[in-house]
Amino acid sequence: MAHSPPSPSASSAPAPKPSSSLNPSLPQAPSSAASGAADDLSPALFDDSRFDELVLRLSRWSGALPDWPPARRTSAEWEQIAPRLERARRELSRVLVVGVIGGTGTGKSTLVNALAGRDVSPAGDVARPTTTTPVVVVARDVDCAWLPLEATGARVVRSDSPAVANIVLVDCPDPDTQSGQPAAEQGASGSPSGSRASDTNRNRDLLEAVLPACDVLLLLATAQKYRSWSVAQEVAAFAPGRPLLFVQSHASRDPDIRDDWRRELEAQGFLVPRIYRVDGLEAARRAQAGLEPEPGFAELVRAIDEELVGRAARRVRRTGALDLAEWFVGQSRQQLAGLREPVEALAAGLRQERLRLEGLLAKAVEERLRASRPAWQRMITDELVDRWHGGPFAMFLHTLSAIGAFWPRLRAGRGGVISQVLAGGAAAPVTSAHAAWQSVEEIGLGEADVEQSRSILVGLAARARLGEPLVGRARLSESQVQTTVGTLLERTGSWLVAGIDRLVVDRRSRVDAPVVRMVCESLFSGLLVAVLVRAGWNFFHGHLWLGKPVEGLGFLEEALVWLILWGLLLRWLVFARLRRGIDRDIQSLLARLPQAGLVDPLLADFASAAEKTANFLDEGERLAAAAAGLAAATGEITGNLGRLRGGSP
Amino acid sequence: MSPGLPPVSPTPTSAAPGGAPATLPTGYQAWAANVGELCGLIEALRPLGAALGVPDPTGTEWYGQLFGKLRPQVTREAVLVAAVCGGTNTGKSLLTNVLVGSPITQSVPEAARTRCPVASLPRGMAGRIDIASLFPGFTPHEWTGTEDSLGGGAEGDDLLVWREDPGGRQPPRLILLDTPDVDGTLRENWHRAELVRNACDVLIAVLTQQKYNDAAVRDFFAAAAAARKSVIVVFNMVDWPRQRERIGGWLRTFTAETGIEPLAVYAAPHDFTRAEAGELALFALPELASGMTPGLIPAGPIAEAQVDLAATLAGFDFDRIKLRAMDGAFRVVLDSRSGAGGWLDAFESSAQQWQEAKRLLADEARVRVDLPAAPRELVWNEIWNWLEPRRSTLDLTVSWAYRKAGGGVRWVARKVGLVRTEEERREDFSAVELKALKQALGDFIERLDGACRRSERLADMLGGVLVGGDRAAWYADLERRHAALPIVSEHYQEFVRGELDRFSRENPEMVRWILTGLNVGAVARPAITVGLGLAGAAVVPAAAASAGGLSVLIHHAGDVVVGTAATLAGEGALGLTMAGLKPLIERLFAGWSAERSQVLAETLHDVVLGGRLDEIDRLATAAARPEVAQVRRLLFECGREFT
C-alpha cells in the first residue's frame, strides 16, 4: 500500500505553540517512573548526537536542489516532517497523546469511557456516527492548553482514572462515514450528489485535523471493520512516526480475528508485536461499578502504563521520531528511484556530446595547424634564431631573419584563433554573438553543431525532469553566446599557446646544444676564414710579395656567393632537424585536448545539473543507509507497540 | 418508462413465478435493437474516446447499466437476478447459503474472504443461457466446492462461480448470487461487486448497525437506487430483541442517504452458534418496508423455513421488477449530464480541443530553413543537358571551344590554389547545407516544445517524443539521409526535363532566345519553409505551390509539407529581359532546394513524429464521424420514447 504523507488538512491544523512558553506547564513524567533512571538510557538505545546529525543532513539534503521539481517535492514533504521531529526532540519528557481511532461502531467511545472510568464520550447504537467532535480526556491536574486542537472544537474532559493519569487520551471521530474520497485517494468517482445528512458529515476532516497532535495511535477494530479500506487509508497516512496499539473490540460478540488482522496489518507494512482483545462495554460497566476489570482490558491498561508512561514515553517519542525520519527518507528514495537512470543517461549523453564536439574541434585544429605549416616552422626558427647570438653563423641567421621580416608574413588565415596564436598573439575578445560564432567556426564548432549537442541534452535533461533554470535551452541566447563562446575561445587560445610553446621549446632544445652551435659556427667560420686567408694570401703574398696584380672583385663576389650558399646549407641542415616530425607534434598536442576541457563552457549547465542531481540521489542513498543504521543501532525498543516499517522498499 | 411497457401491476402476474417468460411489450423489439446498436457504436467509439483523452466510461454507472444490464437482457430470456451485497464480514455468504438452501459458498469468520461471486442457477438453466454474456466482465467457472468463492483470481481475471440448484427448489427464472464486499481493503472486490450490482435486478442488502451508514456502503447502494434496482434490506447481527426499536432509525438513515425504497426489511439476530452451524433466523419487519405486501411475507421467525425468503423472491412479479430495473438502467444511461450523453459531450469537446491543437501546430511548428546558395552549375548543367540536342552544330562547336578554353583556365587556377575544385565546392556546400538542416531540426524541436507548452493535448501526444525520444538518433538519421542524397537526383533530372518540355511547348519563341542568349544568372539563397502540413496550402509559398512537379515532392512527404520560395537575382538574370522565363528558372531552383530539404521533412515525419500527425488529424476530426451523430440520434430517439 502506498503510504501518503499527512494530508493537507492535517498540515493546516494549528501549529504547536513555542515550547518555551509551554514547558513550565507541560505535565512531566511521574517522578516514580522517571526518578534516578530517567536519564540512564544507554547511548545504544538512542544516540542523540547521531540522530541530530541525521536530521541536520536530511534538512540540508531536502533543500539542496530547490530548482529540481522532484527535489522540491522532497523539500515540501520535509517541511511537514521537520516540525514533528523538532517537537519530538524538544518535548521528549511530555506526556504522550494517544488517539483512539477506528471505524464507526467499533467501540472507540465505549473504550474511552472505560479508560476514563465514567461516561465522558457519548457511546451506543442509536445512530451512526456517534462521535462528531473529538473528546480529550486528561487527568485533573494537567494543563492541556498546548494541544493544538482549538480548531476541531474538541471537548476536554477531566478524569481521575489511573489509566489516563499519565497520558492524554483523544476519542477521535471515525474515518468511514464521510462521503467522498480521503485526501490520500482523491480523484476516483465521488458519491451521488443531493441534500443528505451525510453531506454535512466532516468526521474524516476532523480526524485528519486531530491526528497530527497525537503521538501514539490506539487502533480499534471489530470483525466487521478490521479490513475496512477507508480506515486503512487514514491509518497509513498518519502511522509514519506514530507507534500503535492494536486492539480488537467486541470481544464477547465477535470471533477472535487477531491472526487474520495481523496478516492484514503486516501486508500493509506494519510490525505487529501484539494485538489486544477487549470487550469495551463490559469494561465500561465494570469501571463504573468499581469492579475488577476483565482480563483483556486489564492487559491493555497495563500495556498503556508500561509502554506509554514515564521513561517509556521518552522511548516511544524517540522511536517515533526515528521511524519518521526513516520513513521520510525511504519515501523520498522511492519517489526518486525512477530518476537514477535518466540522470545517468544525461551524464552519459554529456560525455558523448563532449566527445563529439571535441572530435570536431580536434579535426579542425589539426587541419588548421597542418595547413599553417609555414607559420608553424617560422615560429620554431624564430625561436631558435632568437637564442643564438655571437659568432658569424648566428649573425648570418639574424641577417636572414631580418630580411625575411621584410617579406609579408605568410599568415595561416584571416584573424582566427589559430592564426592569431601562430602569429604569436592572443585570441581577441568577442564582441557579439555573430562574431563569436564566426570565430568559433574556425575551430570546427558551428552554431548548428553546438545546438545539436544542446538539443540532445535538453531531451535527456527533460527525461530527468531538469529544465530551466538548471539547464538552458538548446539555442544559446546572445549574452550566453558571448560568455560561453568567449570562454571557449579564450581557453582554446591559451591552450594552444601553451601547447605550441611547449612543443617549440621542446623542438628547439633538440638542436640548441652547444656542440651543434660550435659545429655550425666552426663550419661556417671555416669557409669564412678560408675566404679571408685566400684573399690575404692573394694580397700580401701574391700582390705585395710577388707583385702579381690584385685579383678583382670577382673573387670576393664568388666567395660571397659560396659563403651564402654554405650558410644556407648549414641553416637547412639545422632546421631540417627541427622541422621533421611536426605532424607528430600536432598529434601529441591534440592527444592532450580532452584533458583541457575546452568545450565544457558550451555544455556547462548540463554538466553542473547532472552532477548536482547525481549528488542529490547519492546523498539520498547515503541518508537511507544512515537512517537504517541508526534504526538498527537503536534496536526494537517499543515492546508491544506496533510500528509502520521504515519506508525502505 | 420504456416504450410500450405494460402498466406495473402491484400484484404478481400470472406469468410469475417462473414458467414461460412474460409476453414482451410492443415496441420492445425496436427498443432492444436500438440498445444493441447503441452498444455497438459506443464500443466502436470507445478506443477513439480513449485516444482523445476522454475518461474511460467503463467504470461509470451508465456504462455499467448499458453493458452490464441492458445489453445482456434486452434480447434474452427474462431471468431475475438477485444478489446478496454488503460490507465485509456482515454475513453475506451465510445469508446466501440460507437462501439457496444448501452451502454453495464458504462462510468464514475472517473478513473479505469471498473473492468472487457465486451464482446459484435454477436447475436446467445453465444449458439455456450464456452465463458469460449475462454477467459481462466475468469469466464463468463451474462450481466445485464451497471454497471456490475464496479463490477469487488475480486482478483483471474476474471469476464467477456458478452452480445449478441440486434440490430443484429454486424458482425457474431466479438466479441468486453471493458477492464480494464493497468496503474492504481489496479494491478488486469492490469492482466485482459493482459488476454484479449492474447485472442484477434485486439486491439483498446485508447491513449491520456498524455499517449501515458507512460511506462506502452508502455509495454502493445509492448507485443501485439511482438505477432503480429493487432492494430487500436485511439487518444482520442484531441484538434481538433489544435493538428492534433501533432498526427503524437505522433504516431511515440508510434510505434517506441512498434513496432506496426497500421491497422488504428483515432482521437477523446475532447468534454466533447458529451462524457457525449455517443457520440464520430472519424476522420480517413489514411495517418498515414500503413495497412489502401484507400477507405475502410471514410475520415472525422464519428460521425453520429457510428457503422462505427465496420463496418470497419467487413470489414477486418478475416482469415488473425486471422492467423497473431496466427502466432504471435506461434512466441512468439517458441522464444528460452523467449518462452516455455526457460522455459524448466530453468526446466532442475533446475533439474540439484537438482541432485547436492541430491549428496551433500548423501555426507554430513551421521552420524556415536558410539553405546555402545552390551551386548554380548544377541546375544549369541540367538545363544545358536538355538544350544539347536542340542546338545547332555551329553553336555547339563554339560552345565546345569556349568550354575547353574555360576549362583550361580553371585547371590552372585550381593548380595554383586560387579556385577550389568542383568536388571541394560540393563538399563545402554539403557541409553548410547539413548544418542548416540540423539547425532547422533544432528549431523545429524547440517550436514543438513551445507548442506543447501552450497546448495540453499536444503535450500529451508529443511530450513523450520530446522528452523520451532519442534525439541523437534523429540527428543521426538526418545525417544519414543527407549523405545518401545525391547532389542531383534522377528524380530531379526528370523534373527539370518535364518542366523544360512543358515550357518549350508553351513558349516556343522564348526557347529560341534561350538557345542564343542564355547566360549564367546568380541565384540568391533560397529560403525553404518546412511545416506540418495541417493548414494545407497556407504553408506552401506561391512559387512552389504553382509548380506541378513540386507538388509531387510535397505529397511524398505525407503530412510534412515542403514549400520553397526561391528568388532570382544577379546581373545575368534573364527575368529582367524575359519576364516569362523568370518563373521557370525559379521553379527549377526551387525544385532542387525543395528536394534538398526533403530529407529534413522525411526525418521529421519518419523518425521524430512517427504516425502522430496522422493521429492528431484523426482526433481533430473525431467529432465529425458518423458514429457520433448516430449515437446522438439513438439517444435522442430513446429519450423521446422514454418521456
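**Exercises on a predicted two-chain model**

In this predicted model, helix α18 (residues 447-463) of chain A packs against helix α16 (residues 456-468) of chain B at an angle of about 110 degrees, and their axes are 7 Å apart.

**Exercise 1.** Classify the packing of α18(A) and α16(B): roughly parallel or roughly perpendicular? Then list the residues in the contact and sort them by class.

*Solution.* Step 1: the angle is about 110 degrees. Step 2: angles of 65 to 115 degrees count as roughly perpendicular, so α18(A) is roughly perpendicular to α16(B). Step 3: α18(A) contributes Gly459(A), Ala462(A) and Arg463(A), while α16(B) contributes Leu466(B), Val467(B) and Gly468(B). Step 4: by class, this contact has three nonpolar, two polar and one charged residues.

**Exercise 2.** Describe the side of chain A that touches chain B. Which element gives the largest share of that side?

*Solution.* Step 1: the contact takes 45 residues from chain A and 47 residues from chain B. Step 2: in chain A, the elements giving two or more residues are α8 (229-238), α9 (258-267) and α18. Step 3: the largest share, nine residues, comes from α18(A). Step 4: by class, the chain A side divides into 15 nonpolar, 16 polar and 14 charged residues.

Terms used. Residues are numbered from 1 along each chain as its sequence is written. Chains are lettered from A and ligands numbered from 1 in the order in which they are written. This is a predicted model: local features need pLDDT of at least 70, side-chain atom pairs count only at pLDDT 80 or more; totals for chains, interfaces and linings use all residues. Axes are lines fitted to C-alpha atoms, for helices over the stretch in contact, and angles run from 0 to 180 degrees between N-to-C directions. Helices (H or I, at least four residues) and strands (E, at least two) are DSSP runs, numbered from the N terminus. Angles under 35 degrees count as roughly parallel, over 145 as roughly antiparallel, 65 to 115 as roughly perpendicular and the rest as oblique. Two residues are in contact if their C-beta atoms, placed from the backbone, lie within 7 Å. Ala, Val, Leu, Ile, Met, Phe, Trp, Tyr, Cys and Pro count as nonpolar, Asp, Glu, Lys and Arg as charged, and the others, Gly among them, as polar.
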